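This briefing goes through one protein structure by topic.

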Amino acid sequence: MASASYDARRGELTTYFDRTAVEAWSRLTSDAPVSRIRATVRAGRDAMRATLLSWLPADMTGLRLLDAGCGTGALSVEAAHRGAEVVAIDVSPTLIGLAQERLPAIAGAGRIDFRVGDMLDPGLGRFDHVVAMDSLIHYRAADIARALAALGARTDGSVLFTVAPRTALLTVMHAAGKFFPRSDRSPAIVPVTEGGLRRRMTSETALDAFTWARSHRINSGFYLSNAVALTRARPSASAGSGAASPGMRT
């Protein structure tokens, strides 16, 4: 169950992406010219997307993927090209509108169902894989762990996500970011430590069946993010397995 702090932050993100910075994000997620600072962010996001996609099967025919916080849908499109049935959800109706406008023709079995709403909505159903690229970086560690538990409970394969690592460099970048006009600033990113997040995750029983399989950091100018792959180490209850298993392993 989501906490009050998760719900409050989600509301702030909706306001930001749907009203405050629509033009900035429309340009950032396109081929339009941007400032040198935003160019580093664009390059970092492109590299992160490529990393997460490289952790998914090359052939996703017949697999169901949740793109949790899909933005303008770039990752969803790549997954659909691999044959995946993608549910792409975001809190911003404006970003979803842009994603639908930009949607290219997709040959084969792949398809995308764009939705506006909460990525933790249990009504979205079960998935083989979940990707949450830069959609949890605005939440504190306790809320990230609870969100991962909610997603993991409905995932039969892997949960791929990113967090903002707590580093001295990121602290400096955040301080520098305060000099941007307020209208250009997003709700604050919340840096977390790996150790702190892991401790929070061990208290979430829904994550007991998952292994912290790998991680990879992308550092590109003003973009600094850490990708993590959780993979299910034993079948979910829905798959008919009642075997015992230790907690989340490393």
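Which side chain does D118 meet in a salt bridge? The side chain of D118 meets that of R10, with 2.6 Å from N to O; a salt bridge is a side-chain nitrogen of Lys or Arg within 4 Å of a carboxyl oxygen of Asp or Glu. The model is predicted: local features need pLDDT of at least 70, side-chain atom pairs count only at pLDDT 80 or more, and totals for chains, interfaces and linings use all residues. Residues are numbered from 1 along each chain as its sequence is written, and side-chain values use heavy atoms, with hydrogens and water left out.

**Overall picture**

- The protein has 8 helices and 7 strands; helices (H or I, at least four residues) and strands (E, at least two) are DSSP runs, numbered from the N terminus.
- Of the 250 residues of the protein, 48% count as buried. Buried means under 20% relative accessible area, exposed means over 50%, and partly exposed lies in between (1.4 Å probe, protein chains only).
- Among contacts with a separation of 6 or more, 71% are between residues 24 or more positions apart. A contact means heavy atoms within 4.5 Å.

**Confidence**

- The mean pLDDT of the protein is 89, and 86% of its residues reach 70 or more. This score is the predictor's confidence in each residue, from 0 to 100.
- Over residues 178-184 the pLDDT stays under 50, and the model gives this stretch 7 contacts beyond four places in sequence.
- The pLDDT is also below 50 over residues 240-247, a stretch with 7 contacts in the model beyond near neighbours in sequence.
- Where pLDDT is low, the predicted coordinates should not be read in detail.

**Salt bridges**

- A search of the whole structure finds 12 salt bridges.
- The D118 and R10 side chains form one of them. This pair links distant parts of the chain, 108 residues apart: D118 is in the loop between strand 3 (111-116) and strand 4 (127-132), and R10 is in helix 1 (residues 4-20).
- D118 is buried, at 17% relative accessible area, whereas R10 is partly exposed at 23%.
- D7, R10 and D118 are linked in a network of salt bridges.
- E85 and R64 also meet through their side chains in a salt bridge, at 3.4 Å from N to O. The two are 21 residues apart and link distant parts of the chain, with E85 in strand 2 (residues 85-90) and R64 in strand 1 (residues 64-68). E85 is partly exposed, with 30% relative accessibility.
- D143 and R146 form a further salt bridge, at 2.8 Å from N to O. They are 3 residues apart in helix 6 (residues 141-152), so about one helical turn separates them.
- D143 is buried at 2% relative accessible area, while R146 is partly exposed at 28%.

**The sheet**

- Strands of a sheet pair through backbone hydrogen bonds, either parallel or antiparallel.
- Here an open sheet of 7 strands has the order 3-2-1-4-5-7-6, with mixed pairing. Two strands pair if DSSP finds at least two bridges between them.
- The edge strands are strand 3 and strand 6 (210-220), each of which pairs on one side only.
- From one strand to the next, the twist averages 15 degrees. Axes are lines fitted to C-alpha atoms, for helices over the stretch in contact, and angles run from 0 to 180 degrees between N-to-C directions.

**Strand 7 and its partners**

- Strand 5 (residues 155-163) and strand 7 (residues 223-232) run antiparallel and are joined by 6 bridges. T162 has A227 in strand 7 as its bridge partner, and L160 stands opposite A229 in strand 7.
- Strand 6 and strand 7 pair in the antiparallel sense over 10 bridges. R217 has N226 in strand 7 as its bridge partner.
- Strand 6 and strand 7 form a hairpin with 2 residues between them, and G221 in the turn has a positive phi of about 60 degrees.
- Strand 7 is mostly covered, with 9 of its 10 residues buried.
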